[in-house]
Amino acid sequence: MNRKNYTFSNIAADTSVILNYANSEGFKRIDPLDRHEQHIHDKLDTPSNYEFISSRAVTKNNDLFNAIESLSEKIGLKDKVLVSSFMQLQAGDFLEWSDIDYWNENTVGKFFSIALTSGNSIEFKSEGVIQVPQYGAIEFNTGDVHRIQPVNSKQTWLVLMIPDYFNLV
């Protein structure tokens with residue numbers, strides 16, 4: 001799949017509100033030994049290290065959920081977001097190569113990841129590193145092997161899952 005990149009110039013205020021709600025909700029550090037997350041880590045030599053807010057936590061926080069819905073409508077994804085979650089990497093954190101087998105068996109859509117901070121990047125095994133500017137987004141299939149190398153400063157992503165068939169114009 002060719003990566004689709006988007007830059008939104010009119011979402012700074014929206015993402016600021018979302019980040020405030022997310023920070024109030026609190027990010028949890030991933031536990032590589034957690035049975036719920038083991039599918040991601042069991043085949044990796046080095047487990048990933050990052051913080052997250054799960055889609056379950058997002059749906060339970062009405063203010064956060066509604067702010068994401070509002071942003072989704074603003075960028076043309078009204079009624080297209082299947083689930084949303086957050087990934088935050090502190091200095092030194094990383095996401096190891098994704099477990100493609102898990103996602104190929106359990107996919108319901110594709111990722112639409114929005115960089116809420118500056119300096120975000122993601123590496124694809126087939127293409128190398130792609131820089132995603134703050135308020136930018138990258139769309140890719142769940143089965144695309146990807147990682148985030150250890151970061152030097154905080155990076156926060158709003159990760160939306162949208163239907164495979166949908167194309168943002």
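Helices (H or I, at least four residues) and strands (E, at least two) are taken as DSSP runs and numbered from the N terminus. Serine 55 is placed in helix 3 (residues 55-60). The model is predicted, so local features were required to have pLDDT of at least 70 and side-chain atom pairs pLDDT 80 or more, while totals for chains, interfaces and linings use all residues. Residues are numbered from 1 along each chain as its sequence is written, and side-chain values use heavy atoms, with hydrogens and water left out.

The protein contains five helices and 10 strands. Of its 169 residues, 49% are buried, where buried means under 20% relative accessible area, exposed over 50% and partly exposed in between (1.4 Å probe, protein chains only). Contacts are defined by heavy atoms within 4.5 Å. Among the contacts with a separation of 6 or more, 79% involve residues 24 or more positions apart. The accessible surface amounts to about 8,800 Å², and carbon and sulfur atoms account for 46% of that surface. Accessible areas come from the Shrake-Rupley method with a 1.4 Å probe; for residues, only the protein chains shown count as cover.

Helix 1 (residues 12-25) has 14 residues and extends 20 Å from its first C-alpha to its last, close to the 20 Å expected at 1.5 Å a residue. The expected span is 1.5 Å times one less than the number of residues in the helix. Asp14, Thr15, Ile18, Leu19 and Ala22 are the buried residues listed for helix 1. Viewed down the axis of helix 1, its buried residues fall within an arc of 130°, so they line one face of the helix. The arc is that of the directions from the helix axis to the C-beta atoms. The exposed residues Ala13 and Ser24 are carried on the face of helix 1 turned away from its buried side. Cover for the buried residues of helix 1 includes strand 3 (51-53), helix 4 (62-74), strand 4 (83-89) and strand 10 (155-162). Glycine 26 follows helix 1 and has a positive phi, near 95°.

For helix 4, the 13 residues should span 18 Å at 1.5 Å a residue, which agrees with the 18 Å between its end C-alpha atoms. Leu64, Ala67, Ile68, Leu71 and Ser72 are buried in helix 4. These residues cover an arc of only 140° around the axis, which puts them on the same side of helix 4. The buried residues of helix 4 pack against helix 1, helix 3, strand 4, strand 5 and strand 10.

Serine 55, in helix 3, is partly exposed at 31% relative accessibility. Its C-alpha atom is separated by 4.6 Å from that of serine 85, 30 residues apart along the chain. With residues up to four places away in sequence not counted, serine 55 touches Val83, Ser84 and Ser85.

Side chains of opposite charge can pair when their charged atoms come close. Six salt bridges were found in a search of the whole structure, each defined by a side-chain nitrogen of Lys or Arg within 4 Å of a carboxyl oxygen of Asp or Glu. One of them is formed by lysine 74 and aspartate 14, with the closest N and O atoms 2.8 Å apart. Lysine 74 lies in helix 4 and aspartate 14 in helix 1, so the pair ties together parts that are 60 residues apart in sequence. Lysine 74 is partly exposed at 41% relative accessibility, whereas aspartate 14 is buried at 17%.

Glutamate 51 and arginine 29 also meet in a salt bridge through their side chains (3.4 Å, N to O). Glutamate 51 lies in strand 3 and arginine 29 in strand 2 (residues 28-29), so this pair ties together parts that are 22 residues apart in sequence. Glutamate 51 is buried, with a relative accessible area of 14%, and arginine 29 is partly exposed at 37% relative accessibility. Aspartate 93 forms a salt bridge with arginine 29 as well, the closest N and O atoms being 3.1 Å apart. Aspartate 93 lies in the loop between strand 4 and helix 5, and arginine 29 in strand 2, so the pair ties together parts that are 64 residues apart in sequence. Aspartate 93 is buried at 4% relative accessibility. Through shared partners, salt bridges join Arg29, Glu51 and Asp93 into one network.
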